[in-house]
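Here is a short report on one protein chain. Please look over the sequence and the model before reading on.

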Amino acid sequence: ARQLLVEPVRGAYEWDPDAIEFVIQNAEGYPHRLQQYALEAVNRMLAARRLHIALEDVQTAHEVVERTTTT
């Protein structure tokens, strides 16, 4: 799970260790959910004009993922 998050963006973006742990815990072992979290978190990070994915990015991603998977 960690490699699926970190490797595709290595050299371009950095993940905060707390953000990685949050995603792994909340994706519940589903690779597609890891991808959903990563996509939403990267979009938020880019909108904030940063190159570091922070815990706040994945917490917001969590809200989006939860909304889209429960409707």
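**The core**

The model is predicted. Its largest nonpolar core has 19 residues. Leu5, Trp15, Val23, Tyr37, Ala41, Ile53 and Val58 touch the most other members. Four helices each supply at least two residues of this core: α1 (2-6), α2 (17-27), α3 (31-47) and α4 (55-70). The largest share, six residues, comes from α3.

Which residues does tryptophan 15 touch, leaving out those up to four places away in sequence? The contacts are Leu5, Val6, Val9, Ile20, Val23, Ala38, Ala41, His52, Ile53 and Val58. Among them, Leu5, Val23, Ala41, Ile53 and Val58 are also on the list of core residues that touch the most other members.

**The two sides of α2**

In α2, the buried residues are Ala19, Ile20, Phe22, Val23, Asn26 and Ala27. They lie on the same side of α2, because they cover an arc of only 160° around the axis. Pro17 and Gln25 sit on the other side of α2, and they are exposed.

**How α2 packs on α3**

Two packed helices are described by the angle between their axes and the distance between the axes. For α2 and α3 the angle is about 140°, and the axes are 9 Å apart. The crossing of the two helices, α2 and α3, is right-handed.

Which residues form this contact between α2 and α3? From α2 come Phe22, Val23, Ile24, Asn26 and Ala27. From α3 come Arg33, Leu34 and Tyr37. Phe22, Val23, Asn26 and Ala27 in α2 are also buried. Val23 and Tyr37 return here from the core, where both are listed with the residues that touch the most other members.

Glutamate 28 follows α2. Its phi is positive although glutamate 28 is not a glycine. Arginine 49 also has a positive phi and is not a glycine. The table sets out both residues.

| Residue | Phi | Loop | Relative accessible area |
|---|---|---|---|
| Glutamate 28 | about 55° | between α2 and α3 | 57% |
| Arginine 49 | about 60° | between α3 and β2 (52-53) | 77% |

Are these two residues buried or exposed? Exposed means over 50% relative accessible area. Glutamate 28 is therefore exposed at 57%. Arginine 49 counts as exposed at 77%.

Note on methods. Residues are numbered from 1 along each chain as its sequence is written. This is a predicted model: local features need pLDDT of at least 70, side-chain atom pairs count only at pLDDT 80 or more; totals for chains, interfaces and linings use all residues. Side-chain values use heavy atoms; hydrogens and water are left out. A nonpolar core is a set of buried Ala, Val, Leu, Ile, Met, Phe, Trp, Tyr and Cys residues joined through side-chain atoms within 4.5 Å. Buried means under 20% relative accessible area, exposed over 50%, partly exposed in between (1.4 Å probe, protein chains only). Contact means heavy atoms within 4.5 Å. The arc is that of the directions from the helix axis to the C-beta atoms. Axes are lines fitted to C-alpha atoms, for helices over the stretch in contact, and angles run from 0 to 180 degrees between N-to-C directions. A crossing is left-handed if the near helix is turned anticlockwise from the far one by less than a right angle, and right-handed if clockwise.
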